[in-house]
Amino acid sequence: MSKTRYKNQKESNEAIAKAYIENDYTNSQNKLLLVSKANYGEKSSNVCYSSVDDKGMNFYEFNNNAERNLMLIERYEWADFSSVTIDHSVTKSVFTFVGHGENRDITIEGKGKEVEQVIRNHSSMEVNVVKRPVWTKVLGYRSQTTWKMFMASTVYTLILLFILHALLPAATHNFIMGLALLILFLSIIGLFIGLIKPKWVLPKFKIKTRKRVLFSYLYLILSCFFIAGVFSDGESTSTPASTQVSSSQNSVTVTSKKDGADSSEQKIEKNDSDKAVKEKKKQKAEEQAAKEEAKQKAEEQAAKEEAKQKAEEQAAKEEAKQKAEEQAAKEEVKQKAKEQAAKEEAKQKAEEQAAKEEAERKAKEQAAKEEAERNAQEQAAKEEAERNAQEQAAKEEAERKAQQQAASQQATTSSSTSSSGNYKPFENDPSDDQQSNMSCSGQIKGNKNSKIYHVPGGAYYDRTQDNIVWFCSEADAQAAGYRESQR
């Protein structure tokens, strides 16, 4: 399967998963915020996707062979957890949720920052982000395993050397190679010394062990080998040889000129000339090969620069895309913050209105209570006044009866006195004509103006209201000069 086909299939799977998740949220009251690929650990070994909404997270398992490609595994509610610890790396983020029950470890690929922002905006969980140096987030250094960091450092060094070889001028290559050979020699000596006394060759390290010495100096040795291999231009030594041949040719030519008469010497000169021609042709061929090699290197250099330029353009495009996504995320977060502020303001106004109504209701209840208390006090005062009036009336009645009793006793005494011939008629003050003022309990009512007296049962007995004179008996009235009423 080609890379293009694999990429298309991967994008197709993600598109299918996103379509299923959006369909699941169609009739849901929760608001879907983002969809991301996730690692569910021991819960599922298949490819998983997570959907993040304002109330929690859903986890789905993707299976191409099933009738329904995406199946819901589990859902987490933000309210079920009290805190979350987030460990961000370059390509993924590990979320450790802490709640009342079992803790949950979830790995989100690619969108860890966005999920963190959702948790901060839509939950009351305490968010703790693991702070570590940037180099610990690079591939190969996250696990802090020694052999993994050694391999990663070696690979990154080799890549860096190729980049430096392409950027640095050719005049510096010999110097760099010589320096690398010197460091290589010193590293070998340091390795042997460090295996005996680690602290002698690890002055800057806190942990000074033979294992640290072995990995550190092996890395230096391999790096020096790589430097020597990368910066070695592989130049042929044919040029000095051709120079030497040319010098020999010149010498032979000079000799042949001096001894031109000698035929044997001429023959030697001829042979040497043929040899020089051959060497010259060989030299030209080597120069041509060197030119072709230089041309090839130039083409390779141009290809490297073009690849580098394309990589920079791709990185710029990805950076622009990432910035656009970050800007959209910021705007969405800002909008959500405004909506949240509006909701909180409406909620606050509703609470203030409810508090105001509650205060009014309490004031009315208090007024009604005070009114009831005041009515009760007035009723009690009224009852107290009635009771005092009744007591006063009873007291007056008792005093009246006592006076009547005293008057009756006095009338009895006066009657007995009258019988004995010492009678003096009783006559009360007409301005105070109450019967209770009599000294006897007489029933004879006389009118001072008409001089007529009335007995109980008479027609004018009850009608006589003014200028009354009371008598204890008819004899007393007659003795006082009053006559009996005709009716």
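Author: Start with the terms for strands. Helices (H or I, at least four residues) and strands (E, at least two) are DSSP runs, numbered from the N terminus. Two strands pair if DSSP finds at least two bridges between them. This is a predicted model, in which local features need pLDDT of at least 70, side-chain atom pairs count only at pLDDT 80 or more, and totals for chains, interfaces and linings use all residues. Residues are numbered from 1 along each chain as its sequence is written, and side-chain values use heavy atoms, with hydrogens and water left out.

Reader: How many bridges join strand 9 and strand 11, and in which sense do they pair?

Author: Strands of a sheet pair through backbone hydrogen bonds, either parallel or antiparallel. Here strand 9 (residues 444-447) and strand 11 are antiparallel, with four bridges. Within this pair, Trp470 of strand 11 faces Lys445.

Reader: In what order do the strands of this open sheet lie?

Author: The order is 11-9-10-12, four strands with mixed pairing. Strand 11 and strand 12 (483-484) are at the edges with a single partner strand each, so one side of each has no neighbour in the sheet. Strand 12 runs parallel to strand 10 (residues 452-454), to which two bridges join it. Tyr453 has Glu484 of strand 12 as its bridge partner.

Reader: Are the faces of strand 11 covered or open?

Author: In a regular strand the side chains alternate between the two faces of the sheet. For burial the cut-offs are these: buried means under 20% relative accessible area, exposed over 50%, and partly exposed in between (1.4 Å probe, protein chains only). Both faces of strand 11 (residues 468-471) are covered, with Ile468 and Trp470 buried on one side and Val469 and Phe471 buried on the other. Phe471 has a relative accessibility of 1%, which is why it counts as buried. Its C-alpha lies 6.8 Å from that of Gln443, although 28 residues separate Phe471 and Gln443 in sequence.

Reader: Which strands pair with strand 1?

Author: Strand 1 (residues 32-39) runs antiparallel to strand 2 (residues 48-53), with six bridges between them. Strand 1 also pairs with strand 7 (residues 104-109), again in the antiparallel sense, over two bridges. Ala38 shows both pairings: Cys48 stands opposite in strand 2, and Ile108 stands opposite in strand 7. Leu33 is another residue of strand 1, and at a relative accessible area of 15% Leu33 is buried. The C-alpha atoms of Leu33 and Ser51 are 7.6 Å apart, with the two residues 18 apart along the chain.

Reader: What does the side chain of Ser36 reach?

Author: A polar contact is a pair of N or O atoms within 3.5 Å; within protein, one must be able to donate a hydrogen and the other to accept it, and residues adjacent in sequence count only if both atoms are side-chain atoms. Ser36, in strand 1, reaches the backbone oxygen of Glu109 with its side chain at 3.0 Å. Ser36 is buried at 4% relative accessibility.

Reader: How many disulfides does the structure hold?

Author: A disulfide is a pair of cysteine sulfur atoms within 2.5 Å. The structure has zero disulfides. As for individual cysteines, Cys48 is buried at 1% relative accessibility, and Cys224 is buried at 4%.

Reader: Which residues divide the lining of the largest pocket into nonpolar, polar and charged, and how many are there of each?

Author: Ala, Val, Leu, Ile, Met, Phe, Trp, Tyr, Cys and Pro count as nonpolar, Asp, Glu, Lys and Arg as charged, and the others, Gly among them, as polar. The lining of the largest pocket has 11 nonpolar, 11 polar and 18 charged residues. Helix 8 (263-419) is one of the elements that each supply at least two lining residues, and its 12 residues are the largest share.
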